[in-house]
Amino acid sequence: MAILSKEEAKQILEKVMSFSTADSLEAGLSGSGRGNIRYARNTVTTSGFNDDISLGVTANFGKRSASSTINEFDDESLRKVVKRAEELAKLAPENPEFMEPLGPQEYKESKTYFKSTADISPEFRAEIAKNSIEPAKAKDVTAAGYLEDSSGFSSIMNSKGLFAYSQESELEFTVTMRTSDGTGSGWVSRDYNDVNQFNGAEASAVALEKAIMSREAKAIEPGKYTVIMEPAASVQLLGNMLYNMGARQADEGRSFLSKKGGGTKIGEKLVDERVNIYSDPFNELVPANGWNGDGLPRERTSWIENGVVKNMSYSRYWAKKQGVEPVPGPANGIMVGGDATTEDLIKSTKRGILVTRLWYIRTVDPQTLLYTGLTRDGTFYIENGKIKHPIKNMRFNESPIIMLNNLEELGQQQRINGNLVPVMKIRDFTFTSLSDAV
Amino acid sequence: MKRREFLQLAGMGVGGALLTVPLIGNAVDMDRLLESPIDVLEKKRLADIGLNAAKANGATYADVRIGRYLNQYIFTREDKLQNAVNTESFGVGVRVIANGTWGFASTLDVSDAGIQKAAEKATAIAKANGKIQTEPVQLAPVQSYGEVSWKTPLEKNAVAVPLKEKVDLLLSANAEAINNGANYVNSALFMINEQKYFASTEGSYIDQDVHCIWPNFNVTAIDPDTGKYKSRQALSSPMGMGFEYMDPRASSKKEGPGGTMHYFDRYDMIEDAGLAGKQTKEMLKADSIKAGKYDLVLDPNHLGLTIHESIGHATELDRVLGYEANYAGTSFATLDKWKSKDFKYGSDIVNVFADKTQEGSLGAVGYDDEGVKTKKWDLIKDGILVNYQAIRDQAHIINEDESHGCCYSQSWNDVQFQRMPNVSLEPGKEEYSPDDMIKDVEKGIYIVGRGSYSIDQQRYNFQFGGTLFFEIEEGKIKGPVNDVAYQSNTQEFWNSCSKICDKSDYKTFGSFFDGKGQPSQISSVSHGSATTRFDGVNVINTARNI
C-alpha cells in the first residue's frame with residue numbers, strides 16, 4: 001500500500017478535487033515503507049518495518065486557508081477531509097501573504113527510485129549487521145551500527161490544474177567501531193538511492209581500520225591548524241550556509257548575507273574564488289525531487305559561483321513583493337572538487353590534522369555563521385606528508401565563510417547525506433579546547 | 001528531531017522560514033481533538049488480544065501500547081497568524097520477548113485482526129534476531145497494578161480554549177515586543193496531549209492522559225547603521241500543565257538582578273515579550289566580553305540545559321553501556337567510577353536527583369511506558385556519583401531489583417527505550433537569594449536563558465552560550481554584555497560549584513524536543529535548580545568578522 005502508482009495517486013487526488021466547493025483546493029498524497037536494523041555491543045538490539053500513507057488537503061476561500069489530513073481513502077473519508085478543511089478555512093483569519101495556487105507546470109524526471117532498494121529484505125539487513133559485527137569481534141573491537149532503507153512516493157495536485165508525482169528510494173548506513181580497551185573509535189557513513197552501489201563490508205572495514213589507527217591518541221595544543229576535512233566533516237557546515245541563503249532574511253537585515261546600511265551581498269565575492277556550489281536535482285549521483293512543496297519546478301541553481309554569491313532562495317510571496325522570479329531552495333548541495341585524493345592532500349601537508357567527522361555542531365552567532373562542535377571518531381596529526389599519530393578530539397569555533405576563505409586545496413567529491421562534497425584542505429581552522437572523549 | 005532543526009522549521013530560528021510541523025501525527029480539525037477517546041474497556045479487550053496472540057506465538061513476555069497523540073501548534077509572525085495545526089496519531093505497538101530477545105511491531109489498524117497481526121510480527125522479529133543475540137534479556141520484576149489510571153493535574157485543557165483566544169494572546173505578545181523596540185517577532189504555542197494505554201502479560205492495565213504546553217517567541221532587533229542584529233527567545237519554560245500556565249499572577253514571578261523577570265508556575269507572555277523587545281534593543285549597544293576566567297552566576301532557566309547535557313545524558317545507563325555509541329555517544333561516567341563509590345562528580349554541595357513524579361514537570365507521569373510506577377532517586381549525593389537511570393532490562397547490571405521507571409516512547413509507532421527522567425539540582429539549605437549571590441562576586445557574569453550548546457560524545461568537554469549576559473564587577477551588575485560562551489570539562493565544572501540559592505529560587509527549565517535513538521525519537525523533560533555559582537570558569541569571546 002505504501003507506494004501508489006502515478007495513476008492510482010492521480011485518481012485519488014482527482015476525486016478529492018471533485019468534492020470541493022472552495023475557491024481553490026490543494027492536496028498532497030504521499031507514502032513510504034521504512035525498514036531498519038540497529039546493533040550495538042556486537043549484537044542486534046532492535047529492528048522493524050514501518051508502512052504509512054497520508055493525504056493532506058488545503059482549502060482556500062479568498063485569502064483564508066486551512067488544512068486537514070487523513071489516512072483513509074474511501075469516498076466518505078475523502079469527502080470528510082475536504083469538508084473539514086473547508087469549514088476551518090471559513091473560520092480562519094485572512095492571510096495577507098496568501099498566494100494563489102500555481103497552474104500546471106512541466107517537470108523533468110529525476111531518477112530517484114530504484115526497485116533494488118525497495119526490495120531490501122530483513123535477511124539483507126541482518127547480513128549487513130553480521131558483516132560489521134564479525135570482523136569487529138575478530139579484532140577485539142565493538143561495533144554499533146544502523147541501517148535504514150525506505151521507498152515511497154510523493155504527489156500533489158491543485159484545482160488550478162497542477163499535478164506532480166515522483167517516487168523515491170534511499171538507503172542510509174552508519175557504523176561506529178570502538179576498540180574494546182576504549183581508546184580508539186572509527187566511524188563511516190554511506191547513503192545511496194540504489195542499494196546495488198552499497199558495499200556494507202567495505203564500509204565497515206573503513207570504520208574498523210580507523211578505530212584501530214586511532215588508539216592511544218596524544219593531546220596537542222588547541223589553536224589554528226591546517227585541516228584536511230573529509231566530506232562527512234564539512235557537509236553540515238556547508239549545509240548550514242547553503243540552507244541559510246534565503247532572500248527574505250537577507251532583505252530584512254537578519255542574515256549573514258545582509259549588508260551594513262541595507263541591501264544584500266548578492267553579486268559580491270564572499271569566499272575563495274575556487275568555491276563553486278550549486279544544487280541540481282537531476283545529478284545522477286545525488287538525485288532529488290524535481291519540484292518543491294508549492295509545485296515549483298526545481299532547476300540546477302548556482303548559489304556560489306567562483307566565490308561570488310550568485311543566487312538566494314525566494315518564496316513565491318517574497319519574489320512577488322520584490323518583483324523577481326521565485327527561486328526554490330536547494331534539494332541537495334553540490335560543491336565542485338578537484339582531482340586530488342585524500343592521500344594526495346595528506347602528502348602535500350607539512351603539518352596538519354585529518355578530520356573524519358564533526359559532532360554536535362551548533363550555531364554560536366547567526367550573523368557571522370559562527371558554529372561550535374567537536375571532532376570525533378578518527379582525528380590524526382599529519383607531519384611531513386604522513387599521518388604521524390592519532391590525536392585527542394578538539395572543540396572548534398569557526399564559520400564556514402571564514403573556512404572557505406582559507407581554502408588551500410580541493411580534492412575529489414564524495415556523496416554524503418545526499419550531497420556531493422569534496423575533501424578539502426583548509427588553513428587556520430580554529431580549535432579552542434581539548435576533549436578527552438573517545 | 002533535534003531542537004534546532006525543529007525551531008528552524010517552525011520559523012523560530014530564522015525569519016520568514018516556511019512553516020511546517022514535522023512532528024508525529026496527521027492534521028485533524030479542532031473538534032476531533034475534543035472527541036472522547038476510545039473507551040477504556042475496549043482498550044483492555046483489544047490489548048488482551050495482542051497479549052494472548054504474542055503468548056500463543058511463543059513470547060515469554062509482551063506489552064501492548066494503544067496510543068492517541070493529540071497536538072496543537074499555533075505560529076504567528078508580527079501581526080499575522082501563519083498557521084494553526086491540529087494533529088492526531090492513533091495506533092498500537094506490541095513489544096515482546098521471545099527466545100530471550102526483544103521484538104517490536106506497530107500498526108495503524110487498531111482492530112482485533114490488526115493487533116493480532118502486529119503481535120505475531122513482533123514475535124517473529126524477536127525469534128529472527130534471537131539467532132545473533134548473545135545476552136538473553138533479563139527483566140527486573142514489576143508489581144502487577146491491575147486496572148489503574150493517571151492524569152496530568154490541570155485546571156484548563158489547552159485544546160478546549162478557543163483558538164481565537166490563543167491567537168490573540170500570541171499577537172498581543174508580538175505587538176508588545178514591537179512596541180518595545182523589536183523589528184521582527186515570531187511566536188508559537190505548542191500543546192501536547194498523550195493518551196496512552198499500557199497492558200502487559202504481568203497483569204497491569206494502565207490508562208494515562210498526559211498534557212504539556214510550551215509558549216515561545218523569538219524577537220529580533222536590527223541596527224541598520226552597523227548592520228548588526230540581535231535576537232532573544234522567550235524566558236518561559238515548557239511545563240506539564242494545562243492552559244492555566246498562561247494566566248499570569250503576581251505571586252508566580254520575581255524580579256531578578258539586572259532588570260530581569262523570572263517566571264515560576266505561571267507565565268506572563270505579553271510582559272516577557274515587552275521585556276524582550278527592550279532587552280534586544282539594549283543588546284545591540286552592549287560591550288563585547290573580554291575573554292578570561294569569570295565566576296558564573298547561572299539562573300535556573302539557563303542552568304537547566306547545562307544539567308541536561310552534562311549530568312542528565314551522562315548518567316543514562318544505556319549510553320554508559322554502549323547502546324548509543326553510533327549516535328548520541330557513550331559516557332565518561334563509566335561503571336568503574338560508580339563502583340568505586342568515591343567518584344567526585346561535583347563539589348560537596350552538589351546533590352542531583354531524578355524524579356518522574358514532580359508536579360508540573362514535563363517528565364511527570366504515573367507509570368512509565370513499560371508499566372513501572374514512577375519514583376524519585378538520587379544520581380549524585382554530596383558530589384559523589386551514586387546511581388544511573390535504568391529501565392527493567394538494565395536494573396540487574398547495577399545490582400538493583402527494580403526499574404527506575406524511565407522507559408518512554410514518543411508514540412505507539414516506536415519502540416520504548418530508556419529516556420531521561422526529570423534530573424534536578426537540589427537547592428541550598430540556607431536562605432540565600434540571587435541578589436545575595438551577585439553581591440559576593442568580584443568578577444563574574446550572570447547568565448539567563450538558553451543559548452548555543454554543544455558537548456562531546458562522552459560528555460566531558462562542553463561550550464554553552466545563553467540568552468542574556470550581565471557582567472558583574474565588585475558585587476554589582478555593571479551592564480549587559482555580548483559574545484559570551486563558557487567552556488569547561490563536566491567534572492571540573494561541577495567541582496567548581498561553590499554556592500546554591502535556597503528553595504525559594506528553585507524552578508524548572510524544560511527541554512521540549514530532546515532527541516536520542518535510531519530511528520531518532522524525541523522526548524520532553526524538565527530540570528529544576530536554584531540560581532547557582534561556579535568559580536573561575538573559562539569564558540571565550542565569540543565575536544567574528546566575515
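**Exercise 1. A pair within one helix**

Find the helix of chain B that holds both B:Glu42 and B:Arg45, and describe their contact.

*Solution.* Start with the helix: both residues lie in helix 3 (residues 40–56) of chain B, three residues apart, about one turn. Helices here are DSSP runs of H or I with at least four residues, strands are E runs of at least two, and both are numbered from the N terminus. Next, check the contact: B:Glu42 and B:Arg45 form a salt bridge, with their closest N and O atoms 3.1 Å apart. That term requires a side-chain nitrogen of Lys or Arg within 4 Å of a carboxyl oxygen of Asp or Glu. Finally, look at accessibility: B:Glu42 is partly exposed at 29%, and B:Arg45 is partly exposed at 37% (relative accessible area with a 1.4 Å probe, protein chains only; buried is under 20%, exposed over 50%, partly exposed in between).

A word on the model: it is predicted, local features need pLDDT of at least 70, side-chain atom pairs count only at pLDDT 80 or more, and totals for chains, interfaces and linings use all residues. Residues are numbered from 1 along each chain as written, chains are lettered from A and ligands numbered from 1 in written order, and side-chain values use heavy atoms, without hydrogens and water.

**Exercise 2. A pair across the sequence**

Are B:Asp514 and B:Arg419 buried or exposed, and what does their pairing tie together?

*Solution.* First, the distance: the closest N and O atoms of this salt bridge are 3.5 Å apart. B:Asp514 sits in strand 26 (residues 507–516) and B:Arg419 in the loop between strands 17 (417–418) and 18 (422–425) of chain B, so the pair ties together parts 95 residues apart in sequence. Both residues are buried.
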